[in-house]
Amino acid sequence: MVLHKFGEKLYSGLVSTMTSHLKDISKFIEAAQGGLFLEELNRKWADHNKALQMIRDILMYMDRTFIPSTHKTPVHELGLNLWRDNIIHSSKIQTRLLNTLLELVLRERNGEVINRGLMRNIIKMLMDLGSSVYQEDFEKPFLEVSADFYRVESQKFIECCDCADYLKKAERRLNEEMERVSQYLDAKSEVKITNVVEKEMIANHMLRLVHMENSGLVNMLLDDKYDDLGRMYNLFRRVPNGLSTIREVMTSHIRDTGKHLVTDPERLRDPVEFVQRLLDEKDKYDKIIGSAFNNDKTFQNALTSSFEYFINLNPRSPEFISLFVDDKLRKGLKGVSEEDVEIILDKVMMLFRYLQEKDVFEKYYKQHLAKRLLSGKTVSDDAERSLIVKLKTECGYQFTCKLEGMFTDMKTSQDTMQGFNSAHGADLGDGPTLAVTVLTTGSWPTQPSVTCNLPTEMLALCEKFRSYYLGTHTGRRLTWQTNMGTADIKATFAKGQKHELHVSTYQMCVLMLFNNADRLSYKEIEQATEIPASDLKRCMQSMACVKGKNVLRKEPMSKDIGEDDVFFVNDKFTNKLYKVKIGTVVAQKETEPEKQETRQRVEEDRKPQIEAAIVRIMKSRRVLDHNNLIAEVTKQLQSRFLANPVEIKKRIESLIERDFLERDNVDRKLYRYLA
């Protein structure tokens with residue numbers, strides 16, 4: 001027919017025949033009752049497809065020649081369009097089809113089992129008829145109905161569930177919708193339907209969930225609910241501002257807890273416990289961020305800034321961290337493996353990084369290290385050196401050169417003593433022996449030189465060492481630091497009971513007086529030894545008032561030492577051990593005047609560092625205004641301490657007076673460097 005120029009007639013005949021046939025079919029489909037409606041539609045669609053295939057094969061010649069030349073719709077596509085217009089868009093089928101599909105989805109959401117195969121075929125039919133048919137006739141209404149459904153359901157859940165249960169339900173609903181898409185909807189619908197669930201179930205209730213009483217984010221953090229926190233993180237990350245909401249609440253909670261931790265007077269009594277609590281708190285949140293928040297960098301940064309904030313609220317944090325290290329390196333690390341020692345030191349370094357006043361830590365650390373080295377109390381030289389290497393890596397050579405100098409002095413002193421003993425060992429006989437540690441003035445924490453009258457037996461020995469040392473080294477001066485030394489004394493009490501007492505140099509000076517006297521008053525002891533009053537009181541207290549260590553007795557008996565007290569040897573002193581260590585009653589934390597003194601020394605040490613920074617900056621910039629100079633100096637020094645702008649201004653004035661800088665003649669806020 002096409003060859004004989006009847007193509008138009010054939011084509012229009014095809015259209016009218018198919019149209020009338022489809023009108024009959026639509027009546028069949030409309031007549032189907034209840035659940036049979038979709039099955040009938042599915043069956044007729046399958047038949048139509050088969051028929052379409054055969055018609056296309058029969059009219060293949062027309063399809064290939066006549067249709068392209070006249071720009072008409074190809075046979076197969078024509079068949080689909082006619083099905084769409086006469087069946088799907090038929091007034092009695094269109095709404096019924098949509099309602100039936102939506103009802104099946106609702107039944108499935110409510111837990112019923114539906115015929116997913118049939119659903120898949122019907123949805124595929126809509127997609128085959130063109131994406132616009134699927135979207136207009138099903139997807140848009142489906143999304144609107146879903147939004148209403150989840151809006152109502154989320155409201156119901158949030159009224160009756162706690163936060164963890166609600167999140168579980170939201171997660172389950174999200175997974176169900178994804179599975180529904182994979183089973184019988186178009187893959188492109190997944191993003192759209194999950195967005196609906198996220199908006200209605202999570203985004204709209206985000207703040208209420210996070211702040212929910214007794215079960216919100218803060219309670220999850222307090223109770224280490226890793227699974228619930230992980231679920232919250234994974235759901236909230238799907239919605240805008242979700243993670244920032246969690247982060248803000250977590251940060252504010254950590255800051256409040258931390259602030260309470262560092263300012264609570266009860267907790268400040270034990271520095272070691274104080275630092276341990278900080279470390280425990282850090283471990284807790286590291287674990288939460290690692291296992292629940294996917295090691296999220298933004299959460300780690302929030303944790304770091306929170307710790308930096310509250311650790312510096314307490315001006316004694318540097319001192320306490322140093323005391324914690326001191327405790328660990330004296331006795332806390334006995335029997336601990338090297339790996340565990342490294343872990344503890346790394347944790348301490350982490351807290352050290354948060355400190356703004358690192359130079360204050362250095363001051364205390366130096367004092368504590370000096371005491372450990374001189375008393376031989378350090379658990380492990382390797383651990384000590386390891387920490388110094390870590391401090392060096394963190395703050396540079398300048399920070400640790402004096403600490404390294406202290407170790408060098410200890411080693412050199414051992415060699416010096418070997419030389420002294422081999423030179424004078426024979427002369428000493430059975431008399432007292434001496435072990436001297438020679439300290440370089442600049443490296444060790446400076447101690448004011450205190451006079452103390454040593455027993456005559458010791459004086460001769462000290463003089464011998466002095467002449468030996470000055471004979472082997474030229475241009476040096478020796479000053480005895482009696483307040484830092486220790487001594488071992490052999491003592492015989494009543495009934496011939498013998499003990500070896502390990503005491504401080506001051507205590508030795510006091511005990512030796514009792515070789516020549518039975519009773520001595522406090523005033524007489526003070527006069528004979530010339531030990532400073534505060535030290536003498538502490539040393540008398542530890543020998544007369546501490547149970548089990550009371551080698552002396554005093555009248556009247558009391559816990560404190562008075563100026564009118566009288567002391568005598570305690571003949572009834574007994575101890576199970578032959579060697580008895582008599583400690584000195586010592587304040588672990590500094591007293592208020594000592595604190596002031598340390599703070600003053602720190603401030604003094606900062607002055608040259610601020611000046612050096614100003615000169616370095618001005619040398620390279622030549623001309624700089626006041627505000628920028630302050631900012632640059634602060635930035636340069638922040639690895640050691642937070643410079644006070646008032647102090648920087650004073651140092652600038654001082655440098656102007658000494659002709660390092662000058663003010664500009666016109667703009668007084670501008671400084672020039674003078675070469």
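Reader: Which residue in β2 stands opposite A487?
Author: V503 in β2 stands opposite A487. This is a predicted model, in which local features need pLDDT of at least 70, side-chain atom pairs count only at pLDDT 80 or more, and totals for chains, interfaces and linings use all residues. Residues are numbered from 1 along each chain as its sequence is written, and side-chain values use heavy atoms, with hydrogens and water left out.

Reader: How many bridges join strand β1 to β2?
Author: Seven bridges join β1 (residues 486-492) to β2, and these strands run antiparallel. Strands are DSSP runs of E with at least two residues, helices are runs of H or I with at least four, and both are numbered from the N terminus. Two strands pair if DSSP finds at least two bridges between them.

Reader: What about the hairpin of β1 and β2: how many residues are between the strands?
Author: The hairpin has five residues between the strands, and K495 takes a positive phi near 60° there.

Reader: And what joins β2 to β6?
Author: Three bridges join β2 to β6 (residues 579-581), and this pair runs parallel. L501 has V580 in β6 as its bridge partner, and H502 stands opposite K581 in β6.

Reader: In which order do the three strands form the sheet?
Author: The order is β1-β2-β6, in an open sheet with mixed pairing. β1 and β6 are the edge strands, each pairing on one side only. From one strand to the next, the twist averages 25°.

Reader: How many residues of β2 are buried?
Author: Five of the seven residues of β2 (residues 498-504) are buried, so defined by a relative accessible area under 20% (1.4 Å probe, protein chains only).

Reader: Changing topic, at what angle do α14 and α15 pack?
Author: Helix α14 (residues 242-263) and helix α15 (residues 271-291) pack at an angle of about 170°, with their axes 11 Å apart. That makes α14 roughly antiparallel to α15, a term for angles over 145 degrees. Axes are lines fitted to C-alpha atoms, for helices over the stretch in contact, and angles run from 0 to 180 degrees between N-to-C directions.

Reader: Which residues make the contact?
Author: On α14 they are M250, H253, I254, T257, L261 and V262, and on α15 they are F274, R277, L278, E281, Y285 and I289. Contact means heavy atoms within 4.5 Å.

Methods. Parallel < 35°, antiparallel > 145°, perpendicular 65-115°, else oblique. Buried < 20%, exposed > 50% of the residue type's maximum accessible area, 1.4 Å probe, protein only.
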